[in-house]
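Subject: Handover of a structure for your review

Dear colleague,

Please find below the structure that I am passing on to you. I would be grateful if you could read the notes after it with the structure open.

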Amino acid sequence: MELITLHGIEKTYQMGDISVPVLKGISLAIRQGELVALTGSSGSGKSTLMNILGCLDRPTAGEYWLEGQEISQLTADERALLRNRKLGFVFQSFNLLARTSALENVAMPLSYTVEELSSSEARKRATEMLCRVGLGDRLDHYPSQLSGGQQQRVAIARALINRPPVLFADEPTGNLDSRTSEEVLQMFEQLNAEDGITIIMVTHDPKVAGHARQIIRIEDGLILDNTTAGGPTPQTGEITL
Amino acid sequence: MRVYTTAGIALKALRRNPMRAMLTTLGIVIGVGAVIAMMEIGAGASTALKKSIASMGANVLVIRPGTASSGGVSFGAGTTTTLTPEDCQAILRECPAIRNAAPMVRARAQVVYGNRNWVPNAIYGTTPAYLDVQDWSTLAEGEPFSDRDVLNSNRVCILGQSLVRELFEGISPVGKEIRIKNISFRVIGVLSSKGANMMGHDQDDVILAPWTTIKYRVTGTSLATTNQSTAATSDTVNTLSNLYPAAQPSLYPEHSSVQQSNNPMPVRFANIDQIMAAANSSVEIPLAIKQISEVLRERHRTRAEEPEDFNIRDMAELTATLSTTTTLMTNLLLAVAMISLIVGGVGIMNIMLVSVTERTREIGLRMAVGARGRDILRQFLVEAVVLCLTGGAMGIILGHGGSQLVRLLLGWPVETSPAAIATAVLVSAGVGIIFGFYPAWKASRLDPIEALRYE
């Protein structure tokens with residue numbers, strides 16, 4: 001089953017009178033439960049594609065189907081709601097709120113949900129999430145008291161708190177050393193395998209991309225190649241977190 | 001997103017930089033503190049001012065009998081004899097806007113003590129209510145005469161300060177006997193000093209006595225016929241008076257002074273020269289005039305088309321002064337309050353703009369995880385309001401404390417005003433919304449991609 005389908009996605013930026021085409025017609029499909037790496041040299045357009053996939057930006061032309069819904073023309077508020085419900089984000093620089101405990105960082109997206117959770121429920125869910133990423137003993141630590149790998153795991157817990165079907169990771173290991181990078185990647189693989197979360201990573205590191213089953217290489221605004229490695233078929237069952 | 005969640009986020013955000021939050025609110029603290037202190041001290045001063053203007057007689061109404069005329073000849077103001085002490089009682093009883101009222105008869109006569117004499121500006125026969133009407137209740141010495149003294153026409157009096165000076169050379173006169181037109185009065189009290197009135201008349205040059213005593217023992221006439229040179233009973237032995245025959249020819253055989261003091265009042269006229277009535281407040285003066293007019297017309301059986309046989313005068317000039325002073329004071333305070341609050345508000349706006357710039361990445365992150373523009377707007381707006389309200393609360397405490405300190409140390413009159421406190425709370429919240437809106441709006445318009453990339 002296709003979770004994400006892109007059809008001729010184009011993105012053109014206007015710099016005064018000059019149009020700068022960044023994406024020139026991208027069509028691709030990502031199945032549910034897939035572990036995808038999006039690679040390409042800098043300036044190739046992979047970040048722009050990532051922003052469009054992550055509903056942070058709108059394509060100039062083309063169709064974007066997410067879970068059977070055409071979403072390329074949604075308004076900013078509708079996209080915000082969609083991001084809250086269906087997408088999780090992990091960033092290169094973690095983007096945790098300083099002087100805010102791990103627990104509160106993780107619970108933060110819950111304050112923007114439509115159905116409102118009581119604060120005790122929110123705490124409970126955030127605690128569960130932190131336990132899942134192995135930080136059950138660091139609930140009240142501030143980001144400054146955590147190592148880089150731990151911070152990124154807090155960020156992952158935050159991304160997963162609303163049980164989204166898709167997790168976007170923008171250079172998730174860019175600020176980590178090789179050992180903690182490996183830990184984070186293993187966590188991604190585990191989440192992908194055990195919970196069937198579709199994970200889309202943007203990376204320029206071939207080693208990181210090596211963990212993915214589907215590798216999409218972007219070059220100059222077009223897909224250079226899209227290979228799916230063998231291995232176990234991704235789970236397509238219901239997401240159970 | 002619930003309001004208290006937003007408030008919680010705002011509080012947490014402020015707690016992340018407590019020093020800055022505190023310095024920011026300092027503007028509002030000082031602003032609101034100044035407003036509260038000014039309001040309280042100002043209200044105290046205003047009340048004190050009102051009181052002192054009121055003590056000059058701003059609330060006092062003077063009711064005098066009208067003009068009698070015969071065959072087109074007017075006899076001058078105060079010549080009708082229809083105003084009675086019962087009128088005064090009726091006014092007090094039937095006019096709710098009147099606080100107190102006193103009947104008055106006036107006399108002008110020589111006062112003698114020992115080998116000294118003096119003609120005071122005024123000898124007033126009245127009731128104890130007069131002191132209350134004139135806001136003169138605190139005596140320098142002794143005590144006022146009572147209603148019983150009035151009933152019994154007792155020969156007691158209260159002296160003004162000028163008389164004490166002239167007759168007694170500063171020695172306490174209480175208990176001494178003075179003579180007014182050869183009637184001896186016991187001095188039972190001394191008025192406190194009041195100085196000159198607005199017309200420059202010495203208000204301390206006065207003797208107060210029961211109106212019955214003055215009316216029936218001293219003058220025996222209405223004001224219109226009171227004449228200093230004829231009134232003195234001693235003129236029968238003063239041959240010099242015959243040289244200046246200003247005296248009105250007497251139609252009746254004259255009594256000797258002994259006869260007269262034995263039978264003080266062969267004919268008892270009960271008309272009085274004027275009634276002084278104090279309204280509850282200067283605002284109620286027009287109402288009081290209307291009520292008095294109704295009561296007196298009814299009592300005097302004046303038909304609707306007939307002119308009144310009395311005049312009511314208020315101290316319009318004083319009342320006008322009173323209201324302009326109060327308005328001026330209020331406006332002045334308001335101006336000071338506005339300036340300090342605007343300064344505080346600009347401080348809030350400045351720091352909120354800094355905060356938005358500083359937390360661009362946080363805003364981007366919040367947007368990425370699903371915050372809408374209006375969520376961000378609300379968050380920053382609530383933050384500004386929380387800052388202002390905290391500042392406002394601290395300002396109220398500071399201002400109130402300051403004014404209490406002024407009261408204790410300088411002894412200035414101070415009035416706590418709940419209205420000022422409520423206004424301060426509302427205004428500080430308003431300042432938060434007005435000056436917090438632009439930064440919050442700026443934050444809500446950020447592009448999440450740009451914001452996340454911001455260094």
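The notes below cover conventions, then chain A, then the interface.

This is a predicted model, in which local features need pLDDT of at least 70 and side-chain atom pairs count only at pLDDT 80 or more, while totals for chains, interfaces and linings use all residues. Residues are numbered from 1 along each chain as its sequence is written, chains are lettered from A and ligands numbered from 1 in the order in which they are written, and side-chain values use heavy atoms, with hydrogens and water left out.

Chain A

Chain A contains 7 helices and 10 strands (DSSP runs numbered from the N terminus: H or I of at least four residues for helices, E of at least two for strands). Of its 241 residues, 53% count as buried, that is, under 20% relative accessible area with a 1.4 Å probe, protein chains only. Contacts (heavy atoms within 4.5 Å) between residues 24 or more positions apart make up 70% of those in chain A with a separation of 6 or more.

Helix α1 (residues 46-53) of chain A has 7 of its 8 residues buried, so it is largely enclosed by the rest of the structure. Among these buried residues are Leu49(A), Met50(A) and Ile52(A), together with Lys46(A). Cys55(A), which follows α1(A), has a positive phi near 60 degrees.

The mean pLDDT of chain A (the predictor's confidence in each residue, from 0 to 100) is 87, and 95% of its residues reach 70 or more. Over residues 236-241 of chain A, however, the pLDDT is below 50; this stretch has 13 contacts in the model beyond near neighbours in sequence.

The interface

In chain B, 24 residues are in contact with 24 residues of chain A. The two chains bury about 2200 Å² between them, 56% of it on carbon and sulfur atoms; this is the accessible area (1.4 Å probe) that two parts lose on being put together, summed over both. Arg16(B), Leu365(B) and Val369(B) supply 27% of the area that chain B buries against chain A, more than any other three residues.

The rule finds 1 salt bridge across this interface (a side-chain nitrogen of Lys or Arg within 4 Å of a carboxyl oxygen of Asp or Glu). Asp77(A) forms a salt bridge with Arg374(B), with the closest N and O atoms 3.1 Å apart. On the side of chain B that touches chain A, α12(B) gives the largest share, 6 residues.

Yours sincerely

Technical notes. Buried < 20%, exposed > 50% of the residue type's maximum accessible area, 1.4 Å probe, protein only.
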